[in-house]
Structures are given as C-alpha cells and as structure tokens.
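Please find below my note on this structure. The points are numbered so that each may be discussed separately.

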Amino acid sequence: MAKRLFPIFFALCLAIGANAQIVADDDNAFVADSLLRACDNMPYFTLYKDNYFTVGTNLGGPITSKNSDVKFQLSIAQRLTKSTLPFNTYLFLMYSQKCFWNVFEESLPMRDLNFNPGIGLAKWLIVKNRVIGKATMLIEHESNGRDGDDSRSWNRITFGASIYIDPNVMIFGKVWIPIIDGQNNKDILDYCGIYSSGLSVTSPNKRFGFTVITTKRKGWRLSYNTTVELNYRIFRGENQYFFAQYYNGYGEGLLDYNQYHSRFRVGLVIKPQFFSDF
C-alpha cells in the first residue's frame, strides 16, 4: 500500500507547489538563495519537531489518577552537511522522545517512553526563486525500550513534505514503508496507520496558530487518528507558546497502541524556527 501511495503523494505536493505563492518578508526570509544561505549558516544542532510539556486527562468518562497524566516531547536534529549534496539536499540526524508520565499516581511512574531516532535527507522546495516548503526522506526506528510482553518496536522509511500554500497556511503529509520487527505489535498498522496529513494555520500577526493532523489507519474504512492543536505566542519574536492539544484515536503511545484514547491536555510548546516536523 505505502509503495503505491508515496509517488501519488509527491506528485500532489509538486502540483500544489507549482501554484503556491509565498511572499518574502524580513522575518522569514523565504527568498530561496537567502534562506539556503541562512540554513547553511545556522547552528547544526536545532529543534526538529515541536517540544512541549502538557498535562491533561481523559474525555468522555470519569476522570481518575490513572487516565490523567503529563505528556511531554523532546525533539532535536543535528545537520551533518550543508545543502551541497545532489539536488541541493542535506543529511541530518534526528531524535525524538515522547513520555507519558502518571504524576497523579502515588509513585509518579513513567508509564511509557517512546524513543524515535532516525537519519534522513532533506531538501528545500523552490518554485520561482521562492522556498515554498521542505521534503524529507527518513529512515527511522521507534520503540519503547521495554522487554517481554511490554516490548514495542517498528521501523519505517518515511517520505514527507511540508508546503506553504499561503504565508499563513501550510499543508503537510507523510507516507511510510513499514518494517515491523516487534513480536508484540505485528498489527501496529491497524492502529498507528499508513500515512498522515495535516493543515497548519497562523494568524497574520503570528500570535495564534491552529493545527490538525490526521493519520489513516490501515484498511478501507474511513478510520483516522486525529490530533488538534491550538497555540498562542507568549512574547512577540519568541518561539514559546501556550499550547492545547486534543488527541482522539489509537496509537498515541506505543505501549497502549491498540487502545482507544480521547484526551485533552494544556501546557507550553517551543516550536522550530521555520518548519515543525510532524
């Protein structure tokens, strides 16, 4: 399925990109040459995905210490080269870690830790001397570091792209070829999905943001995992935001990947400068 989907996905990205209109401004420097130089001159060590710290609980049922928790994510990237590889790509390493921490239980157990390292190639998408997005190809691993019946693990080759169709509107998506090696999660595609897509919108003054992400679960039914996020910039010119996140579906964490959750959390998020990867 994934092998048939990713050529269609990239053809769609290129078709949208051909009509995208991005206006250069002093804050974001979307002119292609300027952004490529700025990217190559930026620190090699950067944020990758959103980094957040949230607290919340279950929706649609009784609230207890077992279904209320702290969820946080740390995500970083290390660029290994400048954008001088073939097709102006660059090589990078990434590492993300997501934690579900049951702080309302007596012993404050870290219920689930998900480790997600990877290596990949990235390329800025340029149309009419404007950078309108970014494409990536990534080899990544994800596991929860446990053994026995609680062990969860899988690998995937991921193809993704983020494209601005307007200075304040970005669409993104990714599709993957799975390599499932975990003995206790052979059916993970039924719950964690086969591809994802989303939309991110910011206000003209960049203070408010809205993001929705949908992940299609395996099968012909219209079954999706859905994430909805709202953020408000605390200080102008900074990348720190008040943050609200709603998750509905399966696969939020690896340990309980096959269990349904509907949870709402609030907290703080730190976003990368140009593009958040999802």
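1. Are Arg156 and Glu140 buried or exposed? In this predicted model, both residues are buried. They form a salt bridge, with the closest N and O atoms 3.4 Å apart. Arg156 belongs to strand β7 (residues 153–166) and Glu140 to strand β6 (residues 130–143), so the pair ties together parts that are 16 residues apart in sequence.

2. A second salt bridge joins the side chains of Asp69 and Arg265 (3.1 Å, N to O). Asp69 lies in strand β3 (residues 69–79) and Arg265 in strand β13 (residues 261–270), so this pair connects parts 196 residues apart in sequence. Asp69 is buried, at 2% relative accessible area, and Arg265 is buried at 1%.

3. Glu252 and Lys71 also meet through their side chains in a salt bridge (3.1 Å, N to O). Glu252 sits in the loop between β12 (240–249) and β13, whereas Lys71 is in strand β3, 181 residues away. Both Glu252 and Lys71 are buried. Salt bridges with shared partners join Asp69, Lys71, Glu252, Arg263 and Arg265 into one network.

4. The surface also deserves attention. Phe45, Leu47, Ile76, Tyr95 and Ile270 make a nonpolar surface patch of about 400 Å². Tyr95, found in strand β4 (residues 90–101), counts as partly exposed at 30% relative accessibility.

5. A caution on confidence follows. The average pLDDT of the protein is 87, and 88% of the residues score at least 70. Over residues 1–29, however, the pLDDT is below 50. Where pLDDT is low, the predicted coordinates should not be read in detail.

Conventions:
Residues numbered from 1 in each chain as written. Predicted model: local features only at pLDDT ≥ 70, side-chain atom pairs only at ≥ 80, totals over all residues. Heavy atoms only, no water. Patch = residues over 30% accessible without salt bridge, like charges linked within 9 Å, V, L, I, M, F, W, Y side chains within 5 Å. Areas by Shrake-Rupley, 256 points an atom, 1.4 Å probe, with all protein chains shown as cover. Salt bridge = Lys/Arg side-chain N within 4 Å of Asp/Glu carboxyl O. Helix = DSSP H or I, 4+ residues; strand = E, 2+ residues; numbered from the N terminus. Buried < 20%, exposed > 50% of the residue type's maximum accessible area, 1.4 Å probe, protein only. pLDDT = per-residue confidence, 0-100. Contact = heavy atoms within 4.5 Å.
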